[in-house]
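Have the sequence and the coordinates open as you read.

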Amino acid sequence: MYNQSLVKVVEPIKKTTITRMNRGKKWKYGYNKEHDIIVISKTGKLGKILEIQNLRIGLPLEPMQVHMHKSSKWQKIEYPKELSKLKNIFDWRSYPED
């Protein structure tokens with residue numbers, strides 16, 4: 001079986017250091033010389049750190065709550081009957097704004 005070796009998750013920084021700096025939102029966007037990583041998080045919080053060909057990239061922290069819809073399907077919204085009567089832009093312009 002193929003073993004993917006291009007990207008791997010690494011932990012070059014202590015967990016306590018990451019949580020301390022996340023609490024204060026102190027991670028600056030760009031290269032961090034002190035920890036030798038590239039931070040691509042604009043929120044100031046750091047999540048996983050990936051290593052791609054000896055280049056360490058700090059990803060943004062994953063959100064705690066993600067908005068999920070009841071069903072993961074698209075639902076068709078019914079148009080008002082007045083709008084279904086419009087056939088072109090000229091009908092739209094002659095239609096009252098209210």
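Q: In which strand is the place of Leu46?
A: Keep in mind that this is a predicted model, so everything here is computed from it. Leu46 has its place in a strand, and that strand is β4.

Q: Is Leu46 buried or exposed?
A: The cut-off for buried is under 20% relative accessible area. Leu46 has a relative accessible area of 1%, so it counts as buried.

Q: Which residues is Leu46 in contact with, leaving aside its neighbours within four places in sequence?
A: Leu46 sits in strand β4, and its neighbours within four places in sequence are left aside here. As for Thr19, 27 residues away along the chain, its C-alpha atom is separated from that of Leu46 by 8.4 Å. The contacts of Leu46 are Ile18, Asn22, Trp27, Ile37, Val39, Gly58, Leu59 and Leu61.

Q: How many residues make up the largest nonpolar core?
A: In soluble globular proteins, nonpolar side chains tend to be buried together. Here the largest nonpolar core takes in Val10, Ile13, Ile18, Met21, Trp27, Ile37, Val39, Leu46 and Ile49. Counted up, that makes nine residues.

Q: Which elements give two or more residues to this core?
A: The core includes Ile18, Ile37 and Leu46, among others. The elements that give it two or more residues are α1 (15-23), β3 (37-39) and β4 (46-52).

Q: What does Ile49 touch, not counting residues up to four places away in sequence?
A: Ile49 is one of the residues of the largest nonpolar core. Residues up to four places away in sequence don't count here. What's left for Ile49 is Lys8, Val9, Val10, Pro12, Ile13, Ile18, Ile37, Arg56, Ile57 and Gly58.

Q: What is the volume of the largest pocket?
A: The lining of the largest pocket has 13 residues, and Lys15, Ile18, Leu46, Gly47 and Lys48 lie nearest its centre. β1 (7-10), α1 and β4 each supply at least two residues of that lining. The volume comes to about 180 Å³.

Q: What is phi of Lys25 near?
A: Most residues other than glycine have a negative phi. Lys25 lies in the loop between α1 and β2 (30-32), and its phi is positive although it is a residue other than glycine. The value is near 50°.

Q: Is Lys25 buried or exposed?
A: Leaving aside neighbours within four places in sequence, Lys25 is in contact with Thr43, Gly44 and Lys45. The cut-off for exposed is over 50% relative accessible area. Because its relative accessibility is 52%, Lys25 counts as exposed.

Q: What is the relative accessible area of Asn54?
A: Asn54 has its place in the loop between β4 and β5 (55-60). Its phi is positive, near 65°, in a residue other than glycine. Asn54 is exposed, and its relative accessible area is 71%.

Q: Which residue lies over the face of Tyr29?
A: A charge sits over a ring if NZ of Lys or CZ of Arg is within 6 Å of the ring centre and within 35 degrees of the ring normal. Over the face of Tyr29, at 5.0 Å from the ring centre, lies Lys42.

Q: How many aromatic pairs does the count come to?
A: For rings to pair, their centres must lie within 6.5 Å. By this rule the count of aromatic pairs is zero.

Q: How far apart in space are Tyr95 and Gln53, C-alpha to C-alpha?
A: Tyr95 lies in the segment after α3 (89-94) and is partly exposed, at a relative accessible area of 34%. Not counting residues up to four places away in sequence, it touches Glu82 and Leu86. Tyr95 and Gln53 are 42 residues apart in sequence, and their C-alpha to C-alpha separation is 61 Å.

Notes: Residues numbered from 1 in each chain as written. Predicted model: local features only at pLDDT ≥ 70, side-chain atom pairs only at ≥ 80, totals over all residues. Heavy atoms only, no water. Phe/Tyr/Trp six-rings, centres within 6.5 Å; stacked < 30°, edge-to-face > 60°. Core = buried A, V, L, I, M, F, W, Y, C linked by side-chain atoms within 4.5 Å. Buried < 20%, exposed > 50% of the residue type's maximum accessible area, 1.4 Å probe, protein only. Helix = DSSP H or I, 4+ residues; strand = E, 2+ residues; numbered from the N terminus. Contact = heavy atoms within 4.5 Å. 1 Å grid on protein atoms, 1.4 Å probe; cavity = no way out; pocket = protein on both sides within 12 Å on 5 of 7 lines; lining within 4 Å. Points joined across faces, edges and corners; volume = space filled by probe spheres on them.
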